[in-house]
Amino acid sequence: MKPYNIPGALLLGGAIFLASGCVTSTVDQMVFNEPHEGIGNSTVVILGRRHASDYDTEPDFVECVGEHISSGDRSIEVIGELEFVNDFYPWFEPRTAPLQLADFERLVQRQPAVAEKMASLRTQYMIWIDGSTVRSDSSGSMTCAVGPGGGGCFGFGTWSSDSNYEATIWDFTEHAEVGKISTSATGQSYMPAVVIPIPIIAPVQGTACDGIGDQLLQFLSSQY
Amino acid sequence: MSGSMTFVPDSRALICLAGTLLLALLAGCGPAEVVVQGNFPPPTMEKLPLTIGVWYDPGFANHEFFDEAKSKKESSWLVKSGEAQVQMWDTVLNGMFARVVPMTGQPGPGQMNPSVDAVLIPQIAELQYAIPAHTNVKVYEIWIRYHLQLVTTGGDPIADWTMPAYGKTPTAFLQSDQAAVNLAAVMALRDAGANFATTFARVPAVQAWLQQTLGTGQEASL
C-alpha cells in the first residue's frame, strides 16, 4: 500500500483554501406544480433579462446555469440562449422581450410563425434570469515596475463582489408562472503581491450559479 | 559538450525590421478603425403580402462615422457601418415582406424603377458612441437615429418618421476596443431591425397606408 504524503496533502489543501476567497450565499425559492416525473422529452430555455438601463444579466451566467442543469441531469435538454434568441428574432431582443407570460401568449396568438417554432422546439419551460454581479469596496494599492534586470510588483489589493439573481419560471403547459428562485452571494477577494501578484479570488458568481442551478435542477429533474 | 552561436544580422533583415517598426508606429498614429461585421438573423414573423422596394443612397450604403480625438491621450475613431447596415436591412425586409426589390435609382418623377407597392428609404440621421475612455464606465455603447421614408415609386411621400436604435457591450474583458465597438454596433443594428419589424405597422401614416392597400385586419398581424 502506498503511504500517504500527509504534509504534502496538507500543503495542497492549504494552498487550495488560500487560493479562493470566502463566499457567503443564500438561496430562496417558491415553486409550484413541480413536474415530479421530470420534463420528459420537452425542452427548457434559459434567458437573461437585458431591459434595465444600468445592468445586464451576464450571458456567461445564463450559460453557467444551463450547463449546471444539463450536467446534473443529462436527460434535460437546455436550449442555448443565443440560438433561441436568433431563432425567434426580433421577439427576444432587449427592447422587445416579453416581460410577462401574458405578453408572450399574445405574441404566440398574433404570430403563427412563432407558435410553430415553439412547437418544433418542444419548449415547456422558459426560465428568465434577472440580476448581475458587481464589484465594490476596492481598496489597497500596488506598484509594479519593470527594469533591465527584471520586474515585479509590491502591494496589496482587496475588493468585494456581490451577486444577486432571480430566476422566474414560466410553464407553457400550465400557462402560468410557476416559480421564483433568488440567490445572493457575497465574497471578498484579495491580491497580495511580493514580486508576483497572487490573486485569491472569491468565486462569487460561480457560487450564485451553483445555488440557482441546484434549485432549478430540483424543480426540473425527477432524479433530485 | 558546449558551444556558442553568433547571430550576425544582414542589412536586408535590418531594413525589414526597421520598416516593420515604422509601420507599427505609423499605425499607432492613425484613427482606430472598425469595419462593422456581424450576422443578422432573419425575422420569424408573418410576411406582409406586399412588394416593397428599397433604396439605399450612397451615403447610407457607404456610411462611416469619424470622430476626431479631442486630446493627445485619446485616439480618433472611424466606424464604417455601411455594409453591415445594408446586410441587416436586406435581411429584415426580406423577412417582413413577401417580396423585396432593390431600386435602381432614388424614387422620383421620371426615375425608371421596378414596379412596387412602396419604396423604403432608410437614412442615418445621427450616430454617437461611447467607450470607457470617455465615460469611465466599462461599457461600449452606440446610438443610431434613423430617418425612414416610405414613398411611392414616383417619390410621393407616404410616411416619414424617425427611429432610435441602441447597442451596448456589457464587458470588454479580453476584447480590444475595436472588437467591443464592433459588438456594440452589431447590437445596435439588431435593435434597429427589431424596432423596425415590431413597430412598422404601428406608425400612424404607415397604418393608414396599410389599411388602404391591404384592407383592415392585415396590418394588425404585425
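How many bridges join strand β6 of chain B to strand β7 of chain B? Eleven bridges join these two strands, which run antiparallel; two strands count as paired if DSSP finds at least two bridges between them. Strands (E, at least two residues) and helices (H or I, at least four residues) are DSSP runs, numbered from the N terminus.

The model is predicted: local features need pLDDT of at least 70, side-chain atom pairs count only at pLDDT 80 or more, and totals for chains, interfaces and linings use all residues. Residues are numbered from 1 along each chain as its sequence is written, while chains are lettered from A and ligands numbered from 1 in the order in which they are written.

**The sheet of chain B**

In chain B, five strands form an open sheet with mixed pairing, in the order β5-β2-β6-β7-β8. Strands β5 and β8 of chain B are the edge strands, each pairing on one side only. From one strand to the next, the twist averages 30°. Helix α6 of chain B packs on this sheet, touching β2, β7 and β8 of chain B, and its direction makes about 125° with that of β8(B). Such angles run from 0 to 180 degrees between N-to-C directions, with axes fitted to C-alpha atoms, for helices over the stretch in contact. Contact requires C-beta atoms, placed from the backbone, within 7 Å.

| Strand of chain B | Residues |
|---|---|
| β5 | residues 97-102 |
| β6 | residues 118-130 |
| β7 | residues 140-151 |
| β8 | residues 157-169 |

Within the sheet, B:E126 stands opposite B:R145 in β7(B).

**A residue of chain A**

A:G38 lies in the loop between β1 and β2 of chain A.

Note on methods. Two residues are in contact if their C-beta atoms, placed from the backbone, lie within 7 Å.
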